[in-house]
Amino acid sequence: MTSYVLTVACQSTRGIVAAISNYLAEQGCNVVDSSQFDDLDTGMFFMRVSFISEEGVSQAALAEGFKPIAEKFAMVSEIHDEKKRMKVLLMVSRFGHCLNDLLYRWKIGALPIDIVGVVSNHFDYQKVVVNHDIPFHHIKVTKENKPQAEAQLLDLVEQTGTELVVLARYMQVLSDALCRKMSGRIINIHHSFLPSFKGANPYKQAYERGVKLIGATAHYVTADLDEGPIIEQDTARITHAQSAEDYVSIGRDVESQVLARAIHAHIHHRTFINGNRTVVFPASPGSYASERMG
């Protein structure tokens, strides 16, 4: 028996859940987990259904048979094979804590993805990446060559079949054109709970101001810098007895955990972009242990 995930987004109206349930039952499928949300502000409906095909109906056949329902309700819908690993391209600059954390989670199976490569504008982590038998790609970025560098990146995305790009502390701003082209397929991490401290050394600035909470936000990348739809957030409490170096260390831990949880939600098709916000359904009980990886 094969496990699938059906995701649906459309305008809310009566009969959607019944139509989906009846279709799956008719196809010999058994629902294992189901989550749904009606956004009363926008009138949008979102649903994620995890199910098993007990009669061996193929993914292609299920998707084809679902088309009349999708057309009737003007749905954006997809059916995913739960065993298929998403192809992910990681990008990093000179801060390696998120990269190292993701590589470890991937290695032990806590983050079930296919890492198709790591891109960096520096060589700091080339050896680490190569030692994991993952292709390393150095793409130098300057003011003069930025269009060419992004064209090289897009070529790599196409060649590798990349489905998700993760900015694991990649310190270059992506162009508006690239953000639009890969909308909903790039995740970034940053110290969002320090909004007043921009530029260099935000944790040092926070220390000097006596901040008591630091944290991080993982979000989808848009043309608006660091303002994309938020997927995951977390904070850590700080005391007066901790140093600026402690702030950095604690902040790195929070960033790593938040980014990993955001990726985990995305690869399991639990995230839906809803305007400037997201709908993120909770992990099912069976995957809770791997979801709370931090």
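Is Cys10 buried or exposed, and what is its relative accessible area? In this predicted model, Cys10 has a relative accessible area of 2% and is buried, where buried means under 20% relative accessible area, exposed over 50%, and partly exposed in between, computed with a 1.4 Å probe on protein chains only. The model is a prediction in which local features need pLDDT of at least 70 and side-chain atom pairs count only at pLDDT 80 or more, whereas totals for chains, interfaces and linings use all residues. Residues are numbered from 1 along each chain as its sequence is written, and side-chain values use heavy atoms, with hydrogens and water left out.

A disulfide is a covalent bond between the sulfur atoms of two cysteines. With a disulfide taken as a pair of cysteine sulfur atoms within 2.5 Å, the count comes to zero. Cys10 is in no disulfide, and the nearest cysteine sulfur, that of Cys29, lies 19 Å away. Because the sulfur of Cys29 is 19 Å from that of Cys10, its closest cysteine sulfur, the separation is too far for a bond. Cys29 also counts as buried, at 11% relative accessibility.

Helices (H or I, at least four residues) and strands (E, at least two) are DSSP runs numbered from the N terminus. In a regular strand the side chains alternate between the two faces of the sheet. Strand 8 (residues 164-167) is covered on both faces, with Leu164 and Val166 buried on one side and Val165 and Leu167 buried on the other. Two strands are said to pair if DSSP finds at least two bridges between them. Strand 5 (residues 86-92) runs parallel to strand 8 and is joined to it by four bridges; Met91 has Leu167 of strand 8 as its bridge partner. Strand 8 also pairs in the parallel sense with strand 9 (residues 186-190), over three bridges, and here Val165 is partnered by Ile186 of strand 9. Between strand 8 and strand 9 the chain passes through helix 6 (residues 176-181), and this β-α-β crossover is right-handed, that is, with the strands pointing away from the viewer, the path from the first strand over the helix to the second runs clockwise.

Grid points are joined across faces, edges and corners, and a volume is the space filled by probe spheres set on the points. The structure holds one cavity of 30 Å³ or more, and the largest cavity contains about 80 Å³ of space. Its lining includes Met91, Lys146, Glu150, Tyr170 and Gln172. Helix 5 (residues 146-160) gives the most to this lining, with four residues.

The second largest pocket holds about 680 Å³ of space. Of its 24 lining residues, Thr7, Glu78, His80, His266 and His269 lie nearest its centre. Two or more lining residues come from each of strand 1 (2-11), strand 4 (76-81), helix 8 (244-267) and strand 12 (271-274). Strand 4 gives the most, with five residues. Glu78 lies in strand 4 and counts as partly exposed, at 45% relative accessibility.

Key:
1 Å grid on protein atoms, 1.4 Å probe; cavity = no way out; pocket = protein on both sides within 12 Å on 5 of 7 lines; lining within 4 Å.
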